[in-house]
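Open the model in your viewer and keep the selection tool at hand. The tour goes from the whole chain to single side chains.

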Amino acid sequence: MQESKEFPTSRAYTTLTDEPKFAEPIPNVTVALGRDAALPCVVENLGEYKVAWIHIDRQMILTIHRHVITKVQRFSVSHDSQKTWLLHVSGVQQEDRGYYMCQVNTNPMINQVGYLQVV
């Protein structure tokens, strides 16, 4: 008996290939104290899933989808109606330095991290 070498063509297989994925890494950003910074998260095939931004060092959820969760008013989020979600930090302070995670609520969740350096 010989095994079939064909790839499955069921809907389940097609759905897997349509799962969200990151199109590019989050760049590390360097910004002068008091200036504005933006960290991009580029996600393909987002569908009904949501993007969230988290400041890892402060263990703080910043945004979920288009909503700002943190009470720190210097953080905001924008979306270009394509694939890019931008986390904006206005008037950057020393405490804003650190690792920022962009995550998508897939199961299991996917995430990537970028670093904001303040000089």
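**Before you start**

This is a predicted model, in which local features need pLDDT of at least 70 and side-chain atom pairs count only at pLDDT 80 or more, while totals for chains, interfaces and linings use all residues. Residues are numbered from 1 along each chain as its sequence is written, and side-chain values use heavy atoms, with hydrogens and water left out.

**Stop 1: the whole chain**

Show the cartoon. The protein has one helix and ten strands; these are DSSP runs numbered from the N terminus, helices being H or I with at least four residues and strands E with at least two. Read from the N terminus, the order is α-β-β-β-β-β-β-β-β-β-β.

Next, colour by accessibility. Of the 119 residues, 34% count as buried. Buried means under 20% relative accessible area, exposed means over 50%, and partly exposed is in between (1.4 Å probe, protein chains only). The accessible surface comes to about 7700 Å², and 52% of it belongs to carbon and sulfur atoms. These areas come from the Shrake-Rupley method with a 1.4 Å probe; for residues, only the protein chains shown count as cover.

Contacts (heavy atoms within 4.5 Å) can be sorted by separation in sequence. Among those between residues at least 6 apart, 55% join residues at least 24 apart.

**Stop 2: the core**

Select Trp 53 and Tyr 100. Within the largest nonpolar core, which has 23 residues, these two have the most contacts. At least two residues of this core come from each of several strands, including S2 (29–31), S4 (51–55), S8 (84–89) and S10 (110–118). Strand S3 gives the most to this core, with four residues. A nonpolar core is a set of buried Ala, Val, Leu, Ile, Met, Phe, Trp, Tyr and Cys residues joined through side-chain atoms within 4.5 Å. In soluble globular proteins, nonpolar side chains tend to be buried together.

**Stop 3: His 55**

Select His 55, in strand S4. Is His 55 buried or exposed? His 55 counts as buried because its relative accessibility is 0%. Leaving out residues up to four places away in sequence, His 55 touches Met 60, Leu 62, Glu 95, Asp 96, Arg 97, Tyr 99 and Tyr 100.

Now display the polar contacts of its side chain. A polar contact is a pair of N or O atoms within 3.5 Å; within protein, one must be able to donate a hydrogen and the other to accept it, and residues adjacent in sequence count only if both atoms are side-chain atoms. The side chain of His 55 reaches the backbone oxygen of Arg 97 at 3.4 Å. A polar atom of the His 55 side chain also lies 3.5 Å from the backbone nitrogen of Asp 57.

**Stop 4: the salt bridges**

How many salt bridges does the structure hold? There are four, a salt bridge being a side-chain nitrogen of Lys or Arg within 4 Å of a carboxyl oxygen of Asp or Glu.

Select Lys 21, Glu 44 and Lys 83, which are linked in a network of salt bridges. Glu 44 meets Lys 21 at 3.8 Å, N to O. Glu 44 is in strand S3 and Lys 21 in strand S1 (residues 21–24), so this pair ties together parts that are 23 residues apart in sequence. Glu 44 also meets Lys 83, at 3.4 Å, N to O. Because Lys 83 lies in the loop between S7 and S8 and Glu 44 in strand S3, this pair ties together parts 39 residues apart in sequence.

Move on to Asp 96 and Arg 58, whose closest N and O atoms are 3.0 Å apart in a salt bridge. Asp 96 is in the loop between S8 and S9 and Arg 58 in the loop between S4 and S5, 38 residues apart. Asp 96 is buried, with a relative accessible area of 0%, whereas Arg 58, at 30%, counts as partly exposed.

**Stop 5: Ile 61**

Select Ile 61 in strand S5. Ile 61 is partly exposed, at a relative accessible area of 44%. Apart from neighbours within four places in sequence, its contacts are Trp 53, Ile 54, Ile 69 and Thr 70.
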